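Here are a few notes to read alongside the model.

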Amino acid sequence: MQKLVVKGKKSLSGTVKISGSKNATLPILAASILSDKKIELSNLPIVKDVITMSELLKHIGSNIKLNLKKKKIFINNNGRKLNTVAPYSLLKTMRAGVIILGPLLSKFGKAKVSLPGGCAIGPRPVDIHLFGLKKMGATIKIKDGYILAEAKNGLVGTKITLPSISVGATENIIIAASYAKGNTHIKNCACEPEIKNLTDFLKKMGVKISWVNKREIKVVGNQKLKSVKHKIMFDRIEAGTFIIAGAVAGKKLRITDIESKILSKEMTILRKMGINLKISKNEVTVLYSKEIKPISIITEPYPGFPTDLQAQIMVLMIKAKGLSKIRENIFENRFMHVPELNRMGAKIKVKGNLSLINGPQELNGAEVMATDLRASVSLVLAGLIAKNRTSINRVYHLDRGYEFIEKKLKKCGANISRLNY
Ligand code: UD1
């Protein structure tokens, strides 16, 4: 096992280059199942979830080559018949694996995909994914922990209004619709930038896709897809994490390789908190801010404030003078980092999906542990401003989604190291 050890009270300065987006890469890799032509993906983040997804594709027989050095993936299935079974062993650590259901079903007329494993941040069902695929003609049964789906004559485009907004379900249905017969019109979609990156990829392969408005999309299926080269967009959650790191512990931290307009909600909130930001098109510099003000935020689907940055901004709220509030509207159990932050000296109360953060509080280093990816990184941020030494256990959560995190922080002056124990 590994842990990260942070010795706090060192201020950060320098430049952080943001990596490619994990949440854009995963559905794009799943969509590669649809094509028999060459696919080249660049700007890939080398993180555990991406490795797991490429192992899943390899397992089903995809001809996929990952070049870690160049951060590229090459796929060329050239008419191969893929195995349509996705086992539990590969889905238990990565819920996003269920996105291969739509493409397998659409291309091969059947799929057996393990239900994703339990998740610390809430039950995370897949009913919306299945609702959409059934509308397109699939018959679906759940048996022995597996989704058994069939569409003997292929999926057929139709009108689908999703019962609530889901990123994964929107992606699964868009990918399935890209190979289905006829037109699919999806309403009440998620519109996260990663979904736009996915639709750009599908369009380059020859699928006609148009966004009718923010939450409505039309897809015309196409079974003859073209070869494609595609660059994965930047990771907006990694970018947001480092911008918040700059706000909590920075002297002058420059975050590059981003599209700052995609982060406009986050920047607006940080500015309201008194954070001094210099924003340009592809980078942002976080300057030292003397007084941090409290704020109330609600997590929402894009373009609202992302649940994936909730734990990180909570650390900034600990430094703010006064009472801040967070209402978590996306996942029902996503305050698992609170008891750990309180053990470090924070004064945070949780009432249902609301947390009340009373600041400013001085943090003290401690031995801590997190149960999900974003909660873990919030403990790293807390370690940066705490007195003494903070040990963050279960680093494998962080490695699922942050590329070279300790390297990037070290380069900016953090005292952070990885230990085996
Ligand atoms: C994606 C992101 C994750 C982010 C989340 C919300 C990826 C790989 N992961 O996860 O980082 O935190 O969006 O922005 O992109 N739900 C149902 N039934 C379903 C599907 C979802 O009830 O069939 C519920 C979930 O339990 C949750 C809410 O809908 O409460 C939103 O989940 P969803 O948008 O689907 O999240 P993911 O796609 O799993």
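1. How close do the axes of helix H6 (residues 167-179) and H7 come, and at what angle do they cross? They come within 11 Å and cross at roughly 10 degrees. H6 and H7 are therefore roughly parallel to each other (angles under 35 degrees count as roughly parallel). Axes here are lines fitted to C-alpha atoms, for helices over the stretch in contact, and angles run from 0 to 180 degrees between N-to-C directions. Helices (H or I, at least four residues) and strands (E, at least two) are DSSP runs, numbered from the N terminus.

2. Before going on, a word on the source: this is a predicted model, where local features need pLDDT of at least 70, side-chain atom pairs count only at pLDDT 80 or more, and totals for chains, interfaces and linings use all residues. Residues are numbered from 1 along each chain as its sequence is written, and side-chain values use heavy atoms, with hydrogens and water left out.

3. Back to that pair. On the H6 side, Val167, Thr170, Glu171, Ile174, Ile175 and Ser178 meet Ile195, Leu198, Thr199 and Leu202 of H7 (contact means heavy atoms within 4.5 Å). By class, this contact has 6 nonpolar, 3 polar and 1 charged residues. Ala, Val, Leu, Ile, Met, Phe, Trp, Tyr, Cys and Pro count as nonpolar, Asp, Glu, Lys and Arg as charged, and the others, Gly among them, as polar.

4. H7 (residues 193-204) also packs with helix H1 (residues 22-31), at an angle of about 30 degrees and with axes 8 Å apart. That makes H1 roughly parallel to H7. Asn23, Ala24, Pro27, Ile28 and Ala31 of H1 meet Glu194, Asn197, Leu198, Phe201 and Leu202 of H7. The classes here are 7 nonpolar, 2 polar and 1 charged. Look at Leu198 and Leu202 on H7: they meet H1, and they meet H6 as well.

5. How many cavities of 30 Å³ or more does a search of the whole structure find? It finds 1, and about 30 Å³ of space lies in the largest cavity. On a 1 Å grid over the protein atoms alone, a cavity is a set of points where a 1.4 Å probe fits but cannot get out, while a pocket is an open set with protein on both sides within 12 Å along at least five of seven lines; lining residues have an atom within 4 Å of a point. A volume is the space filled by probe spheres set on the points, which are joined across faces, edges and corners.

6. Around the largest cavity sit Thr307, Gln310, Ala311, Arg334, His337, Asp372, Arg374 and Ala375. Helix H10 (310-319) and H12 each give two or more residues to this lining. By class, the lining has 2 nonpolar, 3 polar and 3 charged residues.

7. The second largest pocket holds about 420 Å³ of space. Of its 22 lining residues, Val248, Tyr288, Ile292, Lys319 and Ile385 lie nearest its centre. Helix H8 (236-249) and helix H12 (373-385) each supply at least two lining residues, and the largest share, 4 residues, comes from H8.

8. Last, the backbone. Cis peptide bonds join tyrosine 302 to proline 303, with omega about 10 degrees, and glycine 359 to proline 360, with omega about -5 degrees. Proline 303 is in the loop between strand S18 (296-298) and H10. Aspartate 144, though not a glycine, has a positive phi of about 50 degrees.

Notes:
Parallel < 35°, antiparallel > 145°, perpendicular 65-115°, else oblique.
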